[in-house]
Amino acid sequence: DLPATGAKPTDLTREQIVRSILDTLKREHIPPVYGFVNAAKLEGETKTKNSVLTAWRDAGNYLGSHTWSHADLESVSVEHFEKEILDNEPALQQYAGASDWHWFRYPFLHEGETLEKRQAVENFLRDHHYRVAEVSLDFEDTMYNEPYARCMDKQRTASVAAMHDSYLAVADEYTDIFRSLAHTLYGGDIPYIVLLHVGAATAYMLPDLIAQLRSRGFTFVTLPEAMKDPAYAIDPAIGYPGGGALQEMLLAARKLPFPPNAKPNDALDHMCQK
């Protein structure tokens with residue numbers, strides 16, 4: 001979520017976080033990455049927004065839409081949500097240059113709690129020439145932002161090291177889960193679309209996350225290239241309260257359960273609180 005996401009250590013700026021991510025992407029020779037813009041974020045900090053979005057574009061990466069204010073489709077009307085998409089377009093036109101910014105990611109992965117709502121927004125996006133950037137590998141990296149900021153501010157190096165190991169372990173576990181779901185739903189692997197955020201924790205973990213994915217046999221492609229796979233042409237065609245990655249919705253459409261899983265939310269909530 002550009003230009004900013006989540007809590008951060010007090011001695012880091014938003015620009016430093018994003019530039020750390022950009023440096024990693026460049027050093028690791030990652031193909032151009034889409035960052036999804038909420039133009040309302042940091043509206044009062046125009047200099048920061050300008051520097052972040054301009055740096056992202058100048059590094060050869062792309063911009064897409066995430067609504068103007070990170071609107072939750074489950075909490076607003078279809079008409080309000082459509083206005084949010086249109087209100088976000090001036091910033092995309094300003095910062096994306098000649099690149100294709102008609103890519104859209106739903107905030108919270110909420111694509112509509114009813115089928116009627118889902119289809120209404122799908123039709124609007126289609127009429128306005130957007131493609132939905134589905135997510136097919138997600139381990140909720142944002143849950144690490146607040147504890148990482150707390151521990152860094154308190155200089156708890158041992159806690160930061162433990163968090164680093166937890167982050168990579170959770171990423172590895174959910175890589176296995178989403179790959180197993182792809183085998184269940186499609187009969188094999190697909191090009192996975194990974195959801196990450198420009199938070200301080202992910203900026204810190206990203207080099208080791210990329211190394212871990214490579215050690216598992218992954219290579220990296222662009223979002224448009226991944227979306228050519230027929231898996232992404234399948235519409236779950238259901239309302240799905242609470243949202244989720246594409247495989248989660250397809251499982252629900254088939255009335256199949258999501259595999260047992262656990263995230264360390266409680267442990268993270270208690271880290272560096274005292």
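Modeller: A strand here is a DSSP run of E with at least two residues, and a helix is a run of H or I with at least four, both numbered from the N terminus. Thr-67 is placed by these elements, in the loop between strand 2 (62-65) and helix 3. The model is a predicted one.

Biologist: Why is Thr-67 called buried?

Modeller: The relative accessible area of Thr-67 is 0%, and buried means under 20%, so Thr-67 is counted as buried.

Biologist: Why is Glu-140 called partly exposed?

Modeller: Glu-140 lies in the loop between strand 4 (131-132) and helix 6 (145-153), where its phi is also positive, at about 60°, although Glu-140 is not a glycine. Its relative accessibility is 36%, and values between the 20% limit for buried and the 50% limit for exposed are called partly exposed, so that is the class given to Glu-140.

Biologist: What is the state of the peptide bond from Leu-2 to Pro-3?

Modeller: This bond is cis, with omega near 10°, and Pro-3 lies in the segment before helix 1 (14-27). Most peptide bonds are trans.

Biologist: Why are helix 1 and helix 2 described as roughly parallel?

Modeller: Helix 1 and helix 2 (residues 46-58) pack at an angle of about 5°, with their axes 10 Å apart. Angles under 35 degrees count as roughly parallel, and therefore helix 1 and helix 2 are given that description. Where they meet, helix 1 contributes residues including Val-18, Ile-21, Leu-22 and Leu-25, while helix 2 contributes, among others, Val-52, Ala-55 and Trp-56.

Biologist: Which residues touch the most other members of the largest nonpolar core?

Modeller: They are Trp-56, Leu-63 and Phe-81, in a core of 82 residues, to which helix 7 (residues 157-186) gives the most, with 12 residues. Setting aside residues up to four places away in sequence, Trp-56 touches Leu-2, Tyr-34, Leu-63 and Val-198, among others.

Biologist: Why are helix 7 and helix 8 called oblique to each other?

Modeller: Helix 7 and helix 8 (residues 200-215) pack at an angle of about 45°, with their axes 10 Å apart. An angle under 35 degrees would be roughly parallel and one of 65 to 115 roughly perpendicular, so the pair of helix 7 and helix 8 is classed as oblique. Their crossing is right-handed, and the contact is made by residues including Met-163, Tyr-167 and Ala-171 of helix 7 and Tyr-204, Met-205 and Leu-209 of helix 8.

Biologist: How do you know that the buried residues of helix 3 lie on the same side of it?

Modeller: The buried residues of helix 3 (residues 78-87) are Val-78, Phe-81, Glu-82, Glu-84 and Ile-85. They cover an arc of only 155° around the axis, which puts them on the same side of helix 3. Glu-79 and Lys-83 are exposed, on the other side of helix 3, and the elements that cover the buried residues include helix 4 (89-95), strand 3 (103-104) and helix 5 (115-127).

Biologist: What makes Cys-151 count as buried?

Modeller: Cys-151 has a relative accessible area of 0%, against a limit of under 20%, and so Cys-151 is buried. Cys-151 is found in helix 6, where Asn-145, Pro-147, Tyr-148, Ala-149 and Arg-150 are buried as well, and what covers the buried residues of helix 6 includes helix 7, helix 8 and helix 11 (265-270). Leaving aside neighbours within four places in sequence, Cys-151 is in contact with Arg-156, Ser-159, Val-160, Met-163, Met-271 and Cys-272.

Biologist: Why is Tyr-186 called partly exposed?

Modeller: Tyr-186, which is found in helix 7, has a relative accessible area of 23%. Buried would require under 20% and exposed over 50%, so Tyr-186 is partly exposed. Not counting residues up to four places away in sequence, Tyr-186 touches Ala-231, Ile-234, Leu-246, Gln-247 and Leu-250, and the C-alpha atoms of Tyr-186 and Gln-247, 61 residues apart along the chain, are separated by 9.8 Å.

How values were computed
Residues are numbered from 1 along each chain as its sequence is written. This is a predicted model: local features need pLDDT of at least 70, side-chain atom pairs count only at pLDDT 80 or more; totals for chains, interfaces and linings use all residues. Side-chain values use heavy atoms; hydrogens and water are left out. A nonpolar core is a set of buried Ala, Val, Leu, Ile, Met, Phe, Trp, Tyr and Cys residues joined through side-chain atoms within 4.5 Å. Buried means under 20% relative accessible area, exposed over 50%, partly exposed in between (1.4 Å probe, protein chains only). Contact means heavy atoms within 4.5 Å. The arc is that of the directions from the helix axis to the C-beta atoms. Axes are lines fitted to C-alpha atoms, for helices over the stretch in contact, and angles run from 0 to 180 degrees between N-to-C directions. Angles under 35 degrees count as roughly parallel, over 145 as roughly antiparallel, 65 to 115 as roughly perpendicular and the rest as oblique. A crossing is left-handed if the near helix is turned anticlockwise from the far one by less than a right angle, and right-handed if clockwise.
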